[in-house]
Amino acid sequence: MSGRYAFAKGLKEVRFLFCQTGEHSAATRSFLSRAYPIMKKNNPSTPIMLREAQGTFPKIYARYGLGQEKSRSLEGLSDKQIEEAVTQLVKNETS
C-alpha cells in the first residue's frame, strides 16, 4: 500500500477541500484519516494541505511545476474510488 502514495517528482503540492461535518464529505474524511499518515511518511517534503470549510464539496487539487494544476471532484465517491482518484493525480506529471 505504501508504494501507492509515492508522489511523482514534479508534484509540488496536494490540497484536499472538504466539509468538516457534511455527509457529502464523510468518505473523504474517512479516506484522509486512514491515508494521510502514509502519504506524509512517503512524501515528507511535499505539502499536503487539508482545507475544511462548512458546506464545501470534497475536491482534490494537485499542483505541478510551472503552476499547472489538475483537480478532481470527490463528491459521491466511495473510499476506494477516492483512493483511485488520488493515486491517479499524484502519479501523473503534467508537462
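A nonpolar core, as I use the term today, is a set of buried Ala, Val, Leu, Ile, Met, Phe, Trp, Tyr and Cys residues joined through side-chain atoms within 4.5 Å. Keep in mind that this is a predicted model.

Let's start with the core. The largest one holds 21 residues. Within that set, Phe16, Phe31, Met39 and Val86 touch the most other members. Which elements give two or more residues to this core? They are β1 (11-18), α1 (26-42), β3 (59-64) and α2 (79-91). The most comes from α2, with five residues.

Now look at Val86. Leave aside its neighbours within four places in sequence. Val86 is then in contact with Phe16, Phe31, Met39 and Ile60.

Next, the aromatics. How many aromatic pairs does a search of the whole structure find? Two. Take Tyr5 and Phe31. This pair is edge-to-face, 6.3 Å centre to centre, with 65° between the planes. Tyr5 sits in the segment before β1 and Phe31 in helix α1, so the pair ties together parts that are 26 residues apart in sequence. Are they buried or exposed? Both Tyr5 and Phe31 are buried.

Then Phe16 and Phe31. This pair is tilted, 6.4 Å centre to centre, with 45° between the planes. Phe16 is in strand β1 and Phe31 in helix α1, 15 residues apart, and the pair links these distant parts of the chain. Both Phe16 and Phe31 are buried.

Tyr5, Phe16 and Phe31 form one aromatic cluster. And back to the core: Phe16 and Phe31 are among the residues there that touch the most other members.

Terms used: Residues are numbered from 1 along each chain as its sequence is written. This is a predicted model: local features need pLDDT of at least 70, side-chain atom pairs count only at pLDDT 80 or more; totals for chains, interfaces and linings use all residues. Side-chain values use heavy atoms; hydrogens and water are left out. Buried means under 20% relative accessible area, exposed over 50%, partly exposed in between (1.4 Å probe, protein chains only). Helices (H or I, at least four residues) and strands (E, at least two) are DSSP runs, numbered from the N terminus. Contact means heavy atoms within 4.5 Å. Rings of Phe, Tyr and Trp (its six-membered ring) pair if their centres lie within 6.5 Å; planes under 30 degrees apart count as stacked, over 60 as edge-to-face and the rest as tilted.
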